[in-house]
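The sequence and structure come first.

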Amino acid sequence: MGDERYVQVKERAEAYAAWYEKERVTAHIAENCREEAEQILAQADRLMAHTFSFEDRWDMEPCREPFTLKEMIWDRSPNGDPEWIFMLNRHEYMNKLLIAGWLTGDKAYVEKLKWFLFHWIQANPILPEGTVTTRTIDTGIRCMSWQYLLLHLLGEGLMEEREAAGILESMKEQFASLRKRYIGKYTLSNWGVLQTASICNGYLWFHEYLPSDGTEDWAWQELERQIGLQVLDDGAHWEQSMMYHMEVLLACMKLLASCRAWVRIENRTEFWRDTDWLEKAVDRMSRYVLFASGPDHLQIAQCDSDVTDVRDVMVKAAVLTGDGRYRYAGYDTADLDSAWMFGSAGVTGYSAMAGRKPESLSLAAADAGHIFFRSSWEEDSHFTYMKCGPLGSGHGHADLTHISLHYRGCPILVDSGRYSYVEEEPLRPFLKSAQAHNVCVIDGESHGRPRGSWGYDSFGQSFKNYYREQGPVHYGEMAYHGCLMSGEHYLVIRKVMAVDQGIWMIVNDIRCDGGHEVKEYYHLDSAVQGTPIGTGTDGAGECWRLCSGGDDAMTVLGSRPFEAVPCVISKQYNQKEKSTCLVRKTGFTDRITDWTCLFGEGTEAEKTQVFQYGSSRPETEEQVTAMSFCLSPDESWDFLVWNQETWQGGKIHDCRGVPVYAKAAAIHTIKGNTTLYRLRI
């Protein structure tokens, strides 16, 4: 019986290897992925000496500092962070040894790879209650990693039957453990997807060695249920973290790629299960990534996320969906990781695809509470991210009404990041608090008060965002309700208007009965230098010049002055950088309305007047925030944002001779001709 099982699996693996065309993939890597290949070889050489570093692009908790294990112990952390143990036991780095063997022809890499696998099996018995090395999420990731390795090792004749049987028997035990330990909350967790996707993939290739006890059907049904709950209609993952959005997306991509490869190998016209829901989820989540990445191709440090290049995910999305928009946003040629996943057919197919610039410049992800818009799809474009939505999971941060932006392709206002998951690390809860984001904070109290690494003692209640764009003008509103520890309730409304020429106006409308103090925070990217340059016109606050290394600079102007205070941001897990935060604090009674404007050099800003019909007195700032931006003697913009309803008197207003009926509007004047854009009525 064992011989028959082995023959069937080996034949399938050999067919996979023939379809994959390792030689062509290796040639592509050597020619087009030279930097990545050099990194792979260096990492593989370190692994030969039992030196571990976790620095792959989508490592959930990377640690770039190398540690050498004199004794191969799988359940001990050399840096005190338990996440290091979890990374060690996921085995996602093992393919580096196989690829290094491809690139060099040295079989010692493969022998070391097999040594690690067998050592892990011997050192880590699968216990009913699980251990630090066999957590369910790590088990799912590890088994998925093993499956790709097995296909290559068997298909290339690098593994004997006895060796394959030992690994597959261990995987059988691990699958049984996953199902036994599966709990209801995994249906709404990235942990669940990483388990079920691995089981589905394992049965696809190695079902002869796995039990026919219903586990396969259960895994497919549960995965479909998970994706239906976790992936929102707008494409975002409910946990509010781009890092874990990517983990779920990549797990789905691996499984879908396997289904496609299986169809080719079995010479079928279609996969034997319905995967329409999986294909739609991959497309929807990839579309979200397309819009959520900045002009520098990097995802922002949203909640528990790192700043990471997304182009390899766009390559995979292009191959799996055939959508030229993802080809446009990806690399010129397939990256190493995508070539590893898809084989020669994927590499060739990607090269033959034509890129297509996305038609839209914005995405209002209403379910997740995210707004993304940009001035163009060029690398020197302006980009804006606004966030006010549900908390999500423990990976969510207290970032309601946060805004990040890029100016001419460079990050200016940023999210502070995550840094660590260690409970004892004081920076962990701070980076989750409102004070680490570009928001307003009343009386020093974050609306979400973090408790330890994963919990909260309170969290604000967000309302649905509003977004509208007309031509080059973008407008969004975000609002939430919070409660101070003293029991006083408050309302924060933030309104943002921007134009594609690089002008932003942020209006804050805050209401809280009694006397209070509000602080407004704007965290600068570590590459940005901020310099005070004097006081604005018409009593406006102090101006700051923000420069990001090159000649391009922008100005920040506020209704009240800012001061610069040192801060820490974390673009990568376990790494932190010194930066600067612009902060202003203001006392108020019952209500405060203020504004901040950001614009490029050469633009001049000043307050402008708005008149209600029949009145000769300009409206107050509490009624309408109005700013004028002069780009040249021939061109200007006027931004008008009403902060309360016009409930008495004339309902029409006048600004520079232009009649306006709106709650948010922009007037563009060029060579004496005006265009009115109404963004909200």
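## Terms and basis

Contact here means heavy atoms within 4.5 Å. Helices are DSSP runs (H or I, at least four residues), numbered from the N terminus.

This is a predicted model, in which local features need pLDDT of at least 70, side-chain atom pairs count only at pLDDT 80 or more, and totals for chains, interfaces and linings use all residues. Residues are numbered from 1 along each chain as its sequence is written, and side-chain values use heavy atoms, with hydrogens and water left out.

## α7 against α8

Helix α8 covers residues 161–181, and α7 packs on α8 at about 155° with the axes 10 Å apart. Axes are lines fitted to C-alpha atoms over the stretch in contact, and angles run from 0 to 180 degrees between N-to-C directions. The angle therefore makes α7 roughly antiparallel to α8, a term used for angles over 145 degrees.

On the α7 side, the contact includes Thr 136, Arg 142, Trp 146 and Leu 150. Among the α8 partners are Ala 164, Met 171, Phe 175 and Arg 181. The contact residues comprise ten nonpolar, six polar and two charged. In this grouping Ala, Val, Leu, Ile, Met, Phe, Trp, Tyr, Cys and Pro are nonpolar, Asp, Glu, Lys and Arg are charged, and the others, Gly among them, are polar.

## α7 against α9

The axes of α7 and α9 come within 8 Å and cross at roughly 25°. That makes the two helices roughly parallel, the term for angles under 35 degrees.

Residues of α7 in this contact include Ile 137, Met 144, Tyr 148 and Leu 151. They meet a set in α9 that includes Asn 190, Trp 191, Leu 194 and Trp 205. By class, the contact has 13 nonpolar, eight polar and no charged residues.

## Pockets

A pocket is an open set of points on a 1 Å grid over the protein atoms alone, where a 1.4 Å probe fits, with protein on both sides within 12 Å along at least five of seven lines; lining residues have an atom within 4 Å of a point. The largest pocket holds about 1,100 Å³, a volume being the space filled by probe spheres set on the points. Its lining has 39 residues, with Glu 36, Asp 56, Arg 57, Asp 312 and Asp 337 nearest the centre. Helices giving two or more residues to this lining include α7 (136–155) and α13 (311–321). The lining has 16 nonpolar, eight polar and 15 charged residues.

The second largest pocket holds about 420 Å³. Ser 189, Asn 190, Trp 191, His 395 and Trp 454 are the closest to its centre among 22 lining residues.

Notes
Parallel < 35°, antiparallel > 145°, perpendicular 65-115°, else oblique.
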